[in-house]
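Here is a quick tour of the model, written for someone who likes cut-offs spelled out. Have a look at the fold, then read on.

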Amino acid sequence: MVAPLAVPLSAVSGEPLALRADELPFAVTLARGGAEALHAQLARQVRGAVLAGTLPPGAAVPGTRTLARSLGVTRGVVEAAYAELLADGTLQAEVGRGTRVRLATPAPSTPAPVAAWTGPAWLPAPGALPVDGPARGVGTDFRLGVSGTHTLDIRAWRQAWAEAARAPVPGDYGDPAGEESLRAALAAFMGRQRGLAAQEGDLLITAGTLHALNLIVRALLPPGSAVLMENPGYRAARQVLLDAGHIPVPVPVDEDGLVVGPDTPPARLAYVTPSHQFPLGGRMCLPRRLALLEWAERCDALIVEDDFDGEFRYDAPPLPTLASLAAHTGTPGRVLYLSTLSKVLTPAVRTGFLVAPPALRPALVRARTLLDFGHPLPVQAALTWLLSGGHLDRHIRRARRWHAQVRAALTGELAGLAPYATLGGIQAGLHLCLHLAPSISAPEAARQLARQHIQVTTLDTYTFAGPPANALLLGYGGLTAAQAASGGRAVAAQIRQMVASATFDRDTA
């Protein structure tokens with residue numbers, strides 16, 4: 001591609017410049033002051049004439065002086081245009097014959113009119129994206145999976161990026177597993193926050209938990225592997241399994257987590273959210289955790305422990321992670337632990353991490369290398385600064401107090417609805433589950449609330465087998481206490497209205 005040239009024009013009118021008909025068999029229009037350089041405009045129009053057949057193969061084009069004089073531009077404009085056309089094979093120059101259209105140029109064809117191209121015939125139609133859309137701008141959106149930045153220390157945030165910018169600009173790719181300094185800082189962080197003993201060599205930096213799950217199911221599992229999944233469960237994780245060609249096997253959950261027993265089918269992997277089951281919100285009790293580890297040992301299976309928001313706990317102490325339990329029960333190496341900074345800091349950094357047993361780590365690092373060669377180095381540098389200086393720990397303490405206040409404001413508005421509506425999943429995390437009596441339809445309640453600009457979620461799309469539970473999901477991670485209280489009052493009012501309507505209908509039947 002020839003670089004654009006700044007070419008002076010002759011002092012002619014400000015209108016586009018027209019070519020005399022005896023120079024080329026088509027009109028050329030060059031516009032002054034446009035975004036496209038003059039020589040590029042000329043080259044584009046000559047190329048178009050060749051492709052259209054207006055300039056047939058072997059046809060001579062005017063000399064540079066003749067055409068420049070005709071167009072009222074400098075010779076350099078035409079020379080640059082011809083150089084571009086010679087370089088891309090549109091024209092050819094021969095000594096003694098001048099510059100001509102390349103003889104090998106195929107004759108133009110006149111295709112039959114067809115409808116707009118929709119892609120190859122073999123391309124499968126994409127399914128619906130299993131994630132929620134962006135937040136609405138009106139009313140209250142009890143959106144799941146988000147966390148606000150109200151408690152973020154902006155000074156520390158800016159300082160982190162300033163420190164990253166002051167570092168020497170790297171001239172090579174980094175470690176695909178992540179920089180050792182960040183992995184060491186995250187290992188220490190997990191020891192403080194979750195009691196998980198890990199070294200920097202055990203960690204792999206990822207772009208979040210879904211990214212980590214993609215690496216696991218593509219790098220570790222044979223094609224067509226069966227994978228146990230919580231039902232209801234994380235719909236995006238299920239889609240990851242399906243897209244990778246695996247077979248999700250739905251397993252029921254209750255208030256104690258995944259129901260594991262002698263009848264639990266064998267599989268290559270089990271994907272669970274034991275700290276705060278998504279979406280019901282319960283915690284997997286210790287006997288169930290031990291039963292799951294025993295199942296994995298019996299079936300020679302792996303366990304993916306997705307701890308997506310385990311830092312936010314309110315009324316109960318944390319249970320030991322499956323990964324740490326495995327090390328103490330004689331089943332080490334079966335658990336891959338996933339976590340993310342999207343909830344504790346911001347989704348904007350697109351950073352999570354995976355704690356993997358040594359036997360599995362080489363395959364995961366290989367998959368990360370072939371996928372994108374690792375995480376952006378400036379992002380890693382900024383996060384290392386925040387972790388090493390204790391800023392992230394302080395942020396989590398502030399955020400935990402903030403979310404506890406938001407949760408209290410919301411649950412205070414909903415607590416008086418029993419027995420028609422009861423709260424679940426309130427001990428941890430950033431969302432709760434409002435279980436409704438059979439006489440109150442959750443989908444209808446959601447529709448009525450949407451008309452009032454109150455957005456809630458039902459369990460329909462999170463349920464993979466059997467009828468969905470009659471419940472509403474209320475995410476409060478992105479709300480203030482005032483917003484949560486206002487939205488909670490609207491939800492409570494709608495439930496009471498539906499109770500009154502159901503009572504009236506029964507009494508008048």
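Which residue in β8 does Val227 stand opposite? Val227 faces Pro248 there. This is a predicted model, where local features need pLDDT of at least 70, side-chain atom pairs count only at pLDDT 80 or more, and totals for chains, interfaces and linings use all residues. Residues are numbered from 1 along each chain as its sequence is written, and side-chain values use heavy atoms, with hydrogens and water left out.

**The sheet**

Eight strands make up an open sheet with mixed pairing, ordered β6-β13-β12-β11-β10-β7-β8-β9. Its edge strands, β6 and β9 (257–258), each pair on one side only. Strands here are DSSP E runs of at least two residues, helices are H or I runs of at least four, and both are numbered from the N terminus. Two strands count as paired if DSSP finds at least two bridges between them.

| Strand pair | Sense | Bridges |
|---|---|---|
| β7 (residues 226–231) and β8 (residues 247–254) | parallel | six bridges |
| β6 (residues 203–206) and β13 | antiparallel | four bridges |
| β12 (residues 335–340) and β13 | antiparallel | four bridges |

Leu203 sits opposite Val355 in β13, while Ser339 has Phe353 as its bridge partner in that strand. Strand β13 (residues 352–355) is covered on both faces: Gly352 and Leu354 are buried on one side, Phe353 and Val355 on the other. Buried means under 20% relative accessible area (1.4 Å probe, protein chains only), with exposed over 50% and partly exposed in between.

Helix α8 (residues 286–299) packs on this sheet, touching β7, β8, β9, β10 (269–272), β11 (302–306) and β12. Its direction makes about 145° with that of β11; axes are lines fitted to C-alpha atoms, for helices over the stretch in contact, and angles run from 0 to 180 degrees between N-to-C directions.

**The cores**

A nonpolar core is a set of buried Ala, Val, Leu, Ile, Met, Phe, Trp, Tyr and Cys residues joined through side-chain atoms within 4.5 Å. The largest one has 88 residues, and those with the most contacts inside it include Leu292, Trp295 and Val491. Helix α14 (residues 481–508) supplies its largest share, seven residues. Apart from it lies another core of 26 residues, including Leu204 and Ala356.

Leaving out residues up to four places away in sequence, Val491 touches Phe142, Leu414, Leu434, Leu449, Ile454 and Val456. Contact means heavy atoms within 4.5 Å.

**Confidence**

Mean pLDDT (the predictor's confidence in each residue, from 0 to 100) is 89 for the chain, and 92% of its residues reach 70 or more. Over residues 1–22 the pLDDT is below 50. Where pLDDT is low, the predicted coordinates should not be read in detail.
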